[in-house]
Amino acid sequence: LDLGFRVPFLIRMRQAIFGRQPWWCTRNLGTSRPLFEKSVSVRLLFTAPPLQPSQKESTAMLPVDMPGRAYLFTSATDDFVQDYKVLAKMDLWDGLLDHSSGRMRVLDTCAGTGRWLQAFSEMLVIDKDVSVDLMDLCSDSLSVLGKRLDNLGNIGKNNLFEGDLCELGQVGVPALTYDVVTNMHGLYGIAKHLLPAALQGMHDTLKPGGTMIIAIGTKSSPYQHVAEFFGQVFTNDEDIMQALSGLGIQSSRKFITYKEEYAVTDKAGVERFLMDECGGNTYPTDVAQQMSMPRTAIQKYAESHLDHTSGIYRFPQEVAVITVQRDAFLLPEMQSFGPFYSEAYTLRREASTMQSNMMTWLRTNSEKYILQKCARRNGEPLRICSIGCGDGELDLALIEGIVDSVRSSGFSGIEFVGLEPSPSFREEFMENLRKAQISPEFCKFQLESEVFVTHTVSEHAKDGEADIVLLGHVMYYFENKGA
């Protein structure tokens, strides 16, 4: 099996046929397996894998017709891979769908062009009262998904949300709304430092008592192996479990295993699985354009999974299914990336003098009660680390209260590092900083999207580096306060 062609060549070929948008249409966030409305036949030449002598003559250099995405609107049972059929057969659906009262609302994130939705509609919903909203980053995928929905009449009225998984509230996805939130093979391209924002955002959309279901290939999955051949590391189930734990969200995990099988004569099937399902559909566009196909590694990988006796390629697949159930008896968490937190935060601020009194105290007392307690470090900056800095009101009030005395206290300036996962709060922080008119030469500001995890050394605020650590209204979110 010779896969020696280059990814950039395929991109240029796709651009010549469909236009400039590359065919996998992802950025740096996972959109689940995008497909395209059009179908094109691509004729490629393969050198057959080692076969029995009687087979070599008839199959060597066999021209193969690749139908591209011809299976776009096919039945879920005829999907090219087993992923979504297997997920639809899980026992957990019996309890979720059969015991619901009234219309069930479902949100499918990283929905792609709806291959999971197709299986959900055909194999699970059937005649139940279910409404499904869908979200994805890729406009081309959503365009195809909209056409698919025309043929799925059993899932109720649908809202299509286009945007970043880490900013669900900003793209209009409502909080505290859905009985079930799914993400099926959509998180591979989410950078690890962005996982907390994505997972918290999905969790925010759940009703109390709602269930979130995430499926992703484990380290032994072909989806992860092919990424390694390119020198890339995708997000896996262990990353997701760690991020959920850091957010204080309890989760459970189970594994399902099966094999993707292709006849030795099915060259198009083998290539489509390795190049499309395991490769193109999960790589960010900017990465794909810079990389060439690792021919030798892919060839060896395919050959290692060929059973010469039966003439069948067998690719073992292991998928982790991570389940989260939102507590039905607790008030919604204040740590939120949807609109709930910002609305509640505004109401609290308007009804209380706590924040304004604290800001006044910091401006008038920080020099005496905070700065003077810091050990002098002649010629070095005063280092401040703020965990969960939000929009920066407390941090800026602290700095305003000490800025005039920093040099006389033996420091060369101020270096501030703020850890804030919410993109909207980081933007508000920078806007408040501009209004504060603090000298950028004297005070250096660095905002990071990192979520602070107990018992873990921060990437941006290491042990012993900070003179002042500020936690303003964030201790509520740490389950173990002592840690």
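Angles between elements here run from 0 to 180 degrees between N-to-C directions, along axes fitted to C-alpha atoms. Keep that in mind for helix α16 (residues 423-436), which lies across β12 and β13 and runs at about 165 degrees to β13.

The chain's mean pLDDT is 79, with 76% of its residues at 70 or more. Strand β10 (residues 312-325) has the highest confidence, a mean of 97, while helix α2 (residues 53-59) has the lowest, at 29. Over residues 1-71 the pLDDT is below 50, yet this stretch still has 203 contacts in the model beyond near neighbours in sequence. Where pLDDT is low, the predicted coordinates should not be read in detail.

**The chain overall**

The chain holds 16 helices and 14 strands. Of its 483 residues, 53% are buried. Take the contacts between residues at least 6 apart in sequence: 81% of them join residues at least 24 apart.

**The sheet and its helices**

Now for an open sheet of four strands, ordered β13-β12-β11-β14 with parallel pairing. β13 and β14 stand at the edges with a single partner strand each, so one side of each has no neighbour in the sheet. From one strand to the next, the twist averages 20 degrees. Three bridges join β11 and β14 in the parallel sense, and Val469 in β14 is the bridge partner of Cys385.

Helix α15 packs on this sheet, touching β11, β12, β13 and β14, and its direction makes about 155 degrees with that of β11.

| Element | Residues |
|---|---|
| β11 | 380-387 |
| α15 | 393-402 |
| β12 | 411-419 |
| α16 | 423-436 |
| β13 | 443-448 |
| β14 | 468-470 |

**A closer look at α16**

Does the length of α16 agree or disagree with what its 14 residues should span? At 1.5 Å a residue they should span 20 Å, and the end C-alpha atoms are 20 Å apart, so the two agree.

Which residues of α16 are buried? They are Pro423, Phe425, Arg426, Phe429 and Leu433. These five cover an arc of only 160 degrees around the axis, which means they sit on the same side of α16. As background, an α-helix has 3.6 residues a turn, so residues three or four places apart point the same way. On the face of α16 turned away from the buried side you'll find Glu427, Arg434 and Lys435, which are exposed. Just after α16, Gln437 takes a positive phi of about 55 degrees.

Key
Residues are numbered from 1 along each chain as its sequence is written. This is a predicted model: local features need pLDDT of at least 70, side-chain atom pairs count only at pLDDT 80 or more; totals for chains, interfaces and linings use all residues. Side-chain values use heavy atoms; hydrogens and water are left out. pLDDT is the predictor's confidence in each residue, from 0 to 100. Helices (H or I, at least four residues) and strands (E, at least two) are DSSP runs, numbered from the N terminus. Contact means heavy atoms within 4.5 Å. Two strands pair if DSSP finds at least two bridges between them. The expected span of a helix is 1.5 Å times one less than its number of residues. Buried means under 20% relative accessible area, exposed over 50%, partly exposed in between (1.4 Å probe, protein chains only). The arc is that of the directions from the helix axis to the C-beta atoms.
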